[in-house]
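Please read them with the structure open.

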Amino acid sequence: MKKLRNFFRGTYLGLMLIFLYAPILVLMVFSFNGSKSMARWTGFSFKWYEALMHDSTIMNALMVTLSVAVISALVATFIGTFAAIGIHSMKKRPRAVVENISRLPMVNPDLVTGISFMMLFAAMGIKGGYTRMLIAHITFNIPYVIFSVMPKLRQSSNLLYEAAMDLGCTPMMAIRKVVIPDIMPGIVSGFVLAFTLSLDDFVVSWFATDGIQNLSIYIYGIARRGISPKINALCTIMFVVVVALLVFINLKSINEERAAETQRKKLSITR
């Protein structure tokens, strides 16, 4: 019975992974197809990657996407981290209320968020398409950063902050030198999540922007004529970069945890 249960468990896991990653694998394979059509394979080729590098429209959309993603993720991480620290320091009842309010944008439909931004920017007279997109991305990224940092704050001890204050630190110095390093894995997770969400967003960008294109808007515009293999090549590059980034962050986190565990064992032996 145990072997049968393990077999079905492994089969379920395998089917789930195939279901999730088979479409991406197909996209990656056909990014190397010599033919423009995905109906037939004509041979291995890098020509679509070369054509991608020479397509100024896609490159401009990529630069807008990356710059908005990086800037919005950095600003949202800064604001969200300090917001999470402030929420965590509240009393139990107001903390629960503010925490639930901060989660509302995460479950709010993107359509509602996008239309709200469009009306807000029109009312405030903000015209710059890049500025509008950047403000929108920063705003919807902040709750995800708070959501990533809060669990680390709950795991952390308030005694660290109080001990730093007793040793002569100012409140800001205690946060910067003690609290921030202690919750750094949550901050990094929040940054990566915000960066990925900004890369992926379409609905909010579509309503918030004013004449500027990121990749999602550009791909939506050409989808009616058929997706070019250059887009397959671009998506393959982005997928590989994101996977490499996640692997690097996870390995670094594992090595830091092992080093901290080794240090704790040395201290216990010394005592």
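The points below cover the pocket, the cavities, one serine and the aromatic pairs.

1. Basis. This is a predicted model, in which local features need pLDDT of at least 70 and side-chain atom pairs count only at pLDDT 80 or more, while totals for chains, interfaces and linings use all residues. Residues are numbered from 1 along each chain as its sequence is written, and side-chain values use heavy atoms, with hydrogens and water left out.

2. Largest pocket. The largest pocket holds about 470 Å³ of space. Its lining has 17 residues, and those closest to the centre are Leu199, Asp200, Cys235, Met238 and Phe239. A pocket here is an open set of points on a 1 Å grid over the protein atoms alone, with protein on both sides within 12 Å along at least five of seven lines; a cavity is a set where a 1.4 Å probe fits but cannot get out, and lining residues have an atom within 4 Å of a point. Points are joined across faces, edges and corners, and a volume is the space filled by probe spheres set on them.

3. Pocket lining. Two or more lining residues come from each of helix 1 (2–30), helix 9 (184–200), helix 11 (215–222) and helix 12 (229–270). Helix 12 gives the most, with 6 residues. Helices are DSSP runs (H or I, at least four residues), numbered from the N terminus. By class, the pocket lining has 13 nonpolar residues, 3 polar and 1 charged. Nonpolar means Ala, Val, Leu, Ile, Met, Phe, Trp, Tyr, Cys and Pro; charged means Asp, Glu, Lys and Arg; the others, Gly among them, are polar.

4. Cavities. The whole structure has 2 cavities of 30 Å³ or more. The largest cavity, of about 40 Å³, is lined by Glu99, Ser102, Arg103, Pro143, Ile146, Phe147 and Met150.

5. Ser102. This residue sits in helix 4 (residues 92–107). Ser102 counts as buried, at 15% relative accessibility; buried means under 20% relative accessible area, exposed over 50%, and partly exposed in between (1.4 Å probe, protein chains only). A polar atom of the Ser102 side chain lies 2.7 Å from the backbone oxygen of Glu99. Leaving aside residues up to four places away in sequence, Ser102 touches Pro143 and Ile146, where contact means heavy atoms within 4.5 Å.

6. Aromatic pairs. The count is 11 aromatic pairs. Rings of Phe, Tyr and Trp (its six-membered ring) pair if their centres lie within 6.5 Å; planes under 30 degrees apart count as stacked, over 60 as edge-to-face and the rest as tilted. Phe117 and Phe121 are stacked, because their ring centres are 5.7 Å apart and their planes at 25°. Both Phe117 and Phe121 are buried.

7. A second pair. The rings of Trp206 and Tyr220 are edge-to-face, with centres 5.4 Å apart and planes at 70°. Trp206 is in helix 10 (residues 203–208) and Tyr220 in helix 11, 14 residues apart. Trp206 is partly exposed at 41% relative accessibility, as is Tyr220 at 38%.

Key. A polar contact is a pair of N or O atoms within 3.5 Å; within protein, one must be able to donate a hydrogen and the other to accept it, and residues adjacent in sequence count only if both atoms are side-chain atoms.
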